[in-house]
Amino acid sequence: MALYVVTGGAGFIGSHLVEALLEGGDQVRVFDDFSTGRRENLEPFLGRIDLIEGDLRRLDDLRRAFHGAHYVLHQAALSSVPRSVDDPLSTNEVNVGGTLNVLHAARESGVRRVVNASSSSVYGDLDDFPLREEADTEPMSPYAVSKLAGEKYCKVFTGLHGLETVSLRYFNVFGPRMDPMSDYAAFVALFTTGLLQGRPLTVFGDGSIARDWTFVDNVVDANLRAATAAKASGESFNVACGACWSLNEVIEVLRDLTDVDGDIRYGPGRPGDVAKTLASTEKAQRLLGYEPAVAAREGLERTVAWFRVHGLNGRQRT
């Protein structure tokens, strides 16, 4: 039985990884400082996990968390492009310095492999679609720079020290347990709850921005495959669905699923936002055996259904 450490395990993606690992019979240790992660995300699993509250910026906290671990799924980060534009120093400190600490502590602790959560934002505003891993990287925000730096550190630790690492470039992940109450809430969470609640909603730009929307179950599957795939160490992989929908198209689907037209307004675009993302997943298919099992429409259906049950703030109704 393998011991997995999930950094950021109380977060949206991290808690889904915790659930899947437990269902697979593995031992799970969660490392989180609860700055953005939510304790209620872990409530169904308490008593079955080892929970360590700590900070990525403190190396000793990570050493304690990684003791005896076989794999680290590194999800902890300060996410969001707008947040990084507002506060680039904190983004760098947590995402770059924190990832370096994760790699250093993992090497010291004899961890077999670190799977690092990266981002499609590393590509910047390229227009050679579908985006492939060998394409140029032109990050347009501090967040994107921090994720690319994390990838580079992973490759360096693999090359210099033999620590196995894999970086996964997530493309606009959405699904249950997203936090719609954050100042930097993800688009799907914000618009799903906004429509259900009848609040006016603002689109940044004209709604033509398009994304490769990726349901969280696909990301979980990619992480589990990346942890043990034989030929993946030292590599970066796109994790996506390979289909592209604009913000306006997603809004129309959400209107249909919620049966609410809503008051949709349009405002200025945001600095750092790229016009379009669309991924090739051929490399992940070839080396990880990854195939996106849940398409965007089905994922949106599941997400709307979850928010109907769990309330408009994403917390379980009592």
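**Charged pairs up close**

Author: Let's start with R297 and E301, whose side chains meet in a salt bridge at 3.3 Å, N to O (a salt bridge here is a side-chain nitrogen of Lys or Arg within 4 Å of a carboxyl oxygen of Asp or Glu). Keep in mind that this is a predicted model, where local features need pLDDT of at least 70 and side-chain atom pairs count only at pLDDT 80 or more, while totals for chains, interfaces and linings use all residues. Residues are numbered from 1 along each chain as its sequence is written, and side-chain values use heavy atoms, with hydrogens and water left out.

Both R297 and E301 belong to helix α10, residues 296–310, and sit four residues apart, about one turn of the helix (helices, H or I with at least four residues, and strands, E with at least two, are DSSP runs numbered from the N terminus). R297 has a relative accessible area of 32%, so it's partly exposed, and E301 is partly exposed too, at 37%. For the cut-offs, buried is under 20% relative accessible area, exposed is over 50% and partly exposed is in between, with a 1.4 Å probe and protein chains only.

R286 counts as exposed because its relative accessibility is 51%. E282, at 38%, is partly exposed.

Now for a pair that isn't local in sequence. R177 and E19 bring their side chains together in a salt bridge of 2.8 Å, N to O. R177 is in the loop between β7 (173–174) and α6 (187–197), while E19 is in helix α1 (residues 12–23), so this pair ties together parts that are 158 residues apart in sequence. R177 comes out at 14% relative accessibility, so it's buried.

As for the overall tally, a search of the whole structure turns up 23 salt bridges. The general idea is simple enough: side chains of opposite charge can pair when their charged atoms come close.
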